[in-house]
Amino acid sequence: MDYFPIFLRLANEPVLVVGGGEVAARKIDLLLRTQAKVTVVAPELIESLAAKAAAGVIAYVPGEFQPELLDGMRLAIAATDKQSVNAWVAHQCERRNIPVNVVDDRELSRFIMPAIVDRSPVVVAVGSSGDAPVLTRRLREKLESFLPQRLGDLAKLAGKLRPAVKTQLEHAGTRRRFWENFFDGAIAADVLSGREDAAGQGVLDRIGTSLTRFAKQSKFAGEVALVGAGPGDPGLLTLRALRALQNADVIVYDRLVSLEVLDLARRDAERIYVGKAAGNHHVSQEDTNALLVRLAKEGKRVCRLKGGDPFIFGRGGEELEALVAEHIRFEVVPGVTAAAGCAAYAGIPLTHRDHAQSLTFVTGHCKGEADNIAENVDWAALGRAGHTTVFYMGLNQLDNIVARLREHGVPETRAAALIEHGTRPTQRVVTATLQDLVSKAAEAQVESPALLIVGEVTRLHEALHWFNARSVEVASTDEGRLSA
Ligand code: SAH
């Protein structure tokens, strides 16, 4: 960071502006919004500034800049059209340790001014350390359109309420919930949309009721959000998942959750890893269930974050059963399951209608059979023409899976693809047929997590791949090596 971002309180503080033209006038308008006491020095003033001087809104010193004018100043802005004057002002300010901004001159400036969106008291400032002013202006425009016009009213209302909330709600955690509830709730929505006057009695009454309700609840019932984190790319999170992540006191996550997704959680949220590596259960499912129950009973808001979708081979159902048994409130946020994510990022339309009319998700191993292939599976149906099968947790079972399919008459020419680290920057795709799938996977040293797709649709990868050049490279060099 090249500049230290701060908001400076200037009410009733003396500020010197050197220059009396349009540029100076713009800076003065901004300064006046902060109630600063502005003095302008310039041989002459444009009309708008002269009017302000005449009305006593600003003080005017006619003539050239003199260093003594800086005495007692908190801040200075040099906005003349003469570079030598600006440099002289900057030099004098530096000698006196008065922060100075020279308009359009980063070198001479001690501070620079960001592009702002003003919803006072909420002010959003955007800067690029002077590198890309046009970019910061574009960002400002985006923020401008994105932030509700009445945001300032809402913030002012909150400011007014703060002392009362602080006295009535003793615990910081309860206060935080009150405010979250307030900003996410109906009162805020009504203020923002203009249905309620932020300064009106109606609003105060409604808030009073809500505050009393919060004050009565000495301890909060915890709750659990069972959230699908998707296959890895944080861009695939749902908005609801993001919200659950940012509201949570504790995040309980496992191995398939990418670091980029975890990074989106509230900074001060506790993170608990209950990871499992296939066949190597660090924390038993029972322990995880018990942990969720305990945390919720402590009044915490828990985000139980799971790779992909929590209800697809995620054991989310078992965790919910444990919560239901203890009457703990929960919600479920679906996620992009590995099949959907990997297929999309590998360019494999799972049910392209020229090739497939049905689709099955199968697990490569089953409860109680840690390293065994699932027995309760209709292999013949999975191998029919016109069908696509997605195997989760199938990497360790590749040879078994191929053997079963072959036993049930699936031809060895049936196409398949393995997608390793799907949707992540390290994604690789290995395409094969049942005949060479096992050897190709071994050769490419495919690692977990990897998803196996069996079906003619996987041939479309070659024409439709789009994500991450590496996948193509590996697939094609493998091809090259094998045919050579
Ligand atoms: N609930 C998860 C699946 C959990 S089972 C979901 O809906 O996606 C774990 C298996 O999912 C892994 O063994 C692997 O087969 C698959 N998987 C999960 N994330 C993956 C990824 N990014 N790339 C490839 N396979 C993935």
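## Strand S1 and its partners

Start by selecting Leu-16, which stands opposite Ala-76 in strand S4. S4 covers residues 75-78 and runs parallel to S1, with 4 bridges joining the two. (Strands here are DSSP E runs of at least two residues and helices are H or I runs of at least four, numbered from the N terminus; two strands pair if DSSP finds at least two bridges between them.) Before moving on, note that this is a predicted model, where local features need pLDDT of at least 70, side-chain atom pairs count only at pLDDT 80 or more, and totals for chains, interfaces and linings use all residues. Residues are numbered from 1 along each chain as its sequence is written, and side-chain values use heavy atoms, leaving out hydrogens and water.

Now select all of S1, residues 14-18: 4 of its 5 residues are buried, so the strand is largely enclosed by the rest of the structure. (Buried means under 20% relative accessible area, exposed over 50%, partly exposed in between, using a 1.4 Å probe and protein chains only.)

Look for Val-17, which sits opposite Val-40 in S2. To get from S1 to S2, follow the chain through helix H1, residues 22-33; this β-α-β crossover is right-handed (with the strands pointing away from the viewer, the path from the first strand over the helix to the second runs clockwise).

Where to next? Pick Cys-93, buried at 0% relative accessible area, then Cys-342, buried at 5%.
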